[in-house]
Amino acid sequence: MKRAALVVTLIAALAPACKKAPESQAAPSPTRLAHPLLWSAEKAGTTTYFLGTMHAGIDAETRLPDVVWRKLDGARTFAMEADLDDPEAASLLRPTASSLRASLGDDYWKKLEDAIGPGMARAVEHMPPLVPAAQLSLRGLPPTVAMDKALSARAQRAGKPIVYLERTSRQLEILGKWMDTKALKMMLDELPENERRARAMLDAYAEGDDRRIVAISDGEKDAALQHGYTAAEYDQEMNEVLYDRNASWIDAIDRMHASGGAFVAVGAMHLVGPRSVLELLAHKGYQVQRVTP
């Protein structure tokens with residue numbers, strides 16, 4: 001689920017290349033989240049707030065409680081992972097001469113057609129595997145506007161400076177490296193289980209259960225090992241798609257904090273578990289605590 005959750009990060013950026021995915025039958029509940037994944041990090045008399053987001057499946061406008069919006073409105077600066085509207089993303093996802101159908105083979109191509117429809121399969125035949133992988137990652141999740149986009153839109157309306165912690169192209173380069181044909185085949189083999197994990201992750205997020213989120217995410221390693229990945233390969237992938245990126249954001253967060261604090265919205269996986277952004281900040285002397293409504 002770590003891989004799947006990170007791929008979903010790019011859904012909005014991939015919109016021009018990746019048309020609407022099949023919608024889940026489940027409708028999002030309008031109930032406000034009682035335990036949002038919101039933390040404060042205080043140092044030298046300044047506080048920066050961190051919100052762990054779900055990039056799909058949670059409607060920010062109807063689900064986030066007032067405490068989240070108050071902290072966002074009161075922040076001097078808003079920060080998120082990357083610019084989801086960066087035109088560079090589309091330029092990096094141009095059609096290629098190679099055929100995804102040929103790379104997958106007939107059996108897996110049929111699985112892809114069954115999963116996203118024959119027409120959509122034809123549309124992505126000459127696209128990088130990351131594009132259909134992004135679509136598959138949405139299965140089982142209610143269709144919503146990315147939380148990050150909703151939050152950044154409010155910050156922009158308020159005239160706040162917007163800081164992007166990394167280039168969109170960097171996200172694409174890293175995920176494109178690991179979301180190859182082998183990974184796409186694994187996703188196609190694991191569709192029912194991936195949907196179950198996605199629903200479980202969504203439930204854990206809605207409940208604010210960060211420990212359960214970590215446990216669900218850790219469960220993906222066994223599936224990867226069963227599909228021919230070595231433990232070293234899996235660990236390297238997690239380093240590149242998650243832990244190294246966390247570490248690369250700390251200097252920018254330090255600068256925003258020293259300039260008066262900020263509201264930082266990033267995928268929930270970046271804020272929970274070992275080697276998270278919050279753990280790295282705690283090692284630097286920040287006092288980190290969960291914020292409750």
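**Figure 1. Secondary structure of the predicted model.** The protein has 16 helices and 6 strands; helices (H or I, at least four residues) and strands (E, at least two) are DSSP runs, numbered from the N terminus. This is a predicted model, in which local features need pLDDT of at least 70 and side-chain atom pairs count only at pLDDT 80 or more, whereas totals for chains, interfaces and linings use all residues. Residues are numbered from 1 along each chain as its sequence is written, and side-chain values use heavy atoms, with hydrogens and water left out. Of the 293 residues, 54% count as buried (under 20% relative accessible area; exposed is over 50% and partly exposed in between; 1.4 Å probe, protein chains only).

**Figure 2. The largest nonpolar core.** This core holds 94 residues, and those with the most contacts inside it are Phe50, Leu64, Leu165, Tyr205 and Phe263. Helix H15 (residues 231–258) gives the largest share of the core, 10 residues. A nonpolar core is a set of buried Ala, Val, Leu, Ile, Met, Phe, Trp, Tyr and Cys residues joined through side-chain atoms within 4.5 Å. Leaving aside neighbours within four places in sequence, Leu64 is in contact (heavy atoms within 4.5 Å) with Arg32, Leu33, Leu51, Asp59, Trp69, Met147 and Leu151.

**Figure 3. Helix H3 and its cover.** In H3 (residues 66–74), the buried residues are Val67, Val68, Trp69 and Leu72. Their cover includes strands E1 (38–43), E2 (46–53), E3 (78–80) and E5 (263–267), together with helices H2 (60–63) and H9 (147–157).

**Figure 4. The crossing of helices H6 and H11.** The axes of H6 (residues 106–116) and H11 (residues 181–189) come within 10 Å and cross at roughly 60°. Axes are lines fitted to C-alpha atoms, for helices over the stretch in contact, with angles from 0 to 180 degrees between N-to-C directions. The two helices are therefore oblique to each other (angles under 35 degrees count as roughly parallel, over 145 as roughly antiparallel, 65 to 115 as roughly perpendicular and the rest as oblique). Tyr108, Lys111, Leu112 and Ala115 of H6 make the contact with Lys185, Leu188 and Asp189 of H11.

**Figure 5. Two loop residues with positive phi.** Ala44, in the loop between E1 and E2, has a positive phi of about 55° although it is not a glycine. Ala44 counts as exposed, at 79% relative accessibility. Arg275 lies in the loop between E5 and helix H16 (277–283), and its phi is near 65°. Arg275 is partly exposed, with a relative accessible area of 39%.
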